[in-house]
Amino acid sequence: MMEKKKRKGFSGETLYKIFIYVVLAALALSILVPVAWVFMASVKQNSEFYGDPWSLPLGVHLQNFADAWGEARMGDYMLNSVIVTALGLALLLVVALPAAYVLSRFKFKTRKFFNVCFMGGLFINVNYIVVPIFLMFVNGDRFLTQTVGSGFFVNNLFMVALVYASTALPFTIYLLSGYFSTLPVAYEEAAYVDGASYFRTMTRIIMPMAKPSIITVILFNFLSFWNEYIISMTLLTDPGSKTLPVGLMNLMKSQNAAAQYGQMYAGLVLVMLPTLILYICVQKKLTQGMTLGGLKG
């Protein structure tokens, strides 16, 4: 009787594992199939889309990438996206790392107030406040034009990066402070005994220990900044200063609104490729940052 019960339990566990694998395989296919289809469509000629859209490309038509890069100015837009994303990440880390460290490690009178402010920022969707931000920038440019003769806020990649960093600050501080609070305090106490300052302890002791969490924050915010559309479309009105997601709109206009599907999918590949490469490079560190809560000893 005991052997029969064990066999029944084993069969139930096996069926459960099979069910999990089937669900995971279905989820993987739901992601991989559209991505693979975009890559295949990017090398098709425009006439191939009017037949069977699921058919394999007859050849590798790399002219789509050349047209997307040149005619639709995707190269300029990619450079703008790289500048905005790099500046946004730099500004974000410079502010978020010390702020998260102080809020998670030190006790002071206004600590709860700042924590409430940052946590409240998690519930503010930037898409709802982008119009007031734009109006403030326009008024600021109007004042600067009357004062010094030129504006600074609108059509400025640095200001867009500053808005990106500001809107991502609550989530980043929340994630980093939660990770910092799980790290052992003994390392910091030993550093203080050796005469290290607070800043040196943070940069030489805490940050290397929190490397997986920092990489996780960088990846999440990179994806957010790189794929952002509403803010860049609103604050960058000059055609030459637009970012890569906004530049995809120019692919339809490059042929007088003709549907150039090959160019559009080539543009999508240009947008997706940097994020895929970055994810492949930091996949292990990302997993550590999502699963590790501190040191085991």
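Helix α6 is the biggest contributor to the lining of the largest pocket, giving 5 residues. (Helices here are DSSP runs of H or I, at least four residues, numbered from the N terminus.) This is a predicted model, so to speak plainly: local features need pLDDT of at least 70, side-chain atom pairs need 80 or more, and totals for chains, interfaces and linings use all residues. Residues are numbered from 1 along each chain, and side-chain values use heavy atoms, without hydrogens and water.

That pocket has a volume of about 280 Å³, the space filled by probe spheres set on its grid points, which are joined across faces, edges and corners. A pocket is an open set of points on a 1 Å grid where a 1.4 Å probe fits, with protein on both sides within 12 Å along at least five of seven lines; lining residues have an atom within 4 Å of a point. Among the 16 lining residues, V126, Y164, T167, A168 and S224 come closest to the centre. Both α6 and α9 supply at least two lining residues.

Now the rings. Phe, Tyr and Trp (six-membered ring) pair if their centres lie within 6.5 Å; planes under 30 degrees apart are stacked, over 60 edge-to-face, the rest tilted. That gives 11 aromatic pairs, two of which are tabulated here.

| Pair | Centres | Planes | Type |
|---|---|---|---|
| Y164 and F225 | 5.2 Å | 20° | stacked |
| F171 and F220 | 6.5 Å | 45° | tilted |

Y164 in α6 and F225 in α9 are 61 residues apart, and both are buried (under 20% relative accessible area; exposed is over 50%, partly exposed in between, with a 1.4 Å probe and protein chains only).
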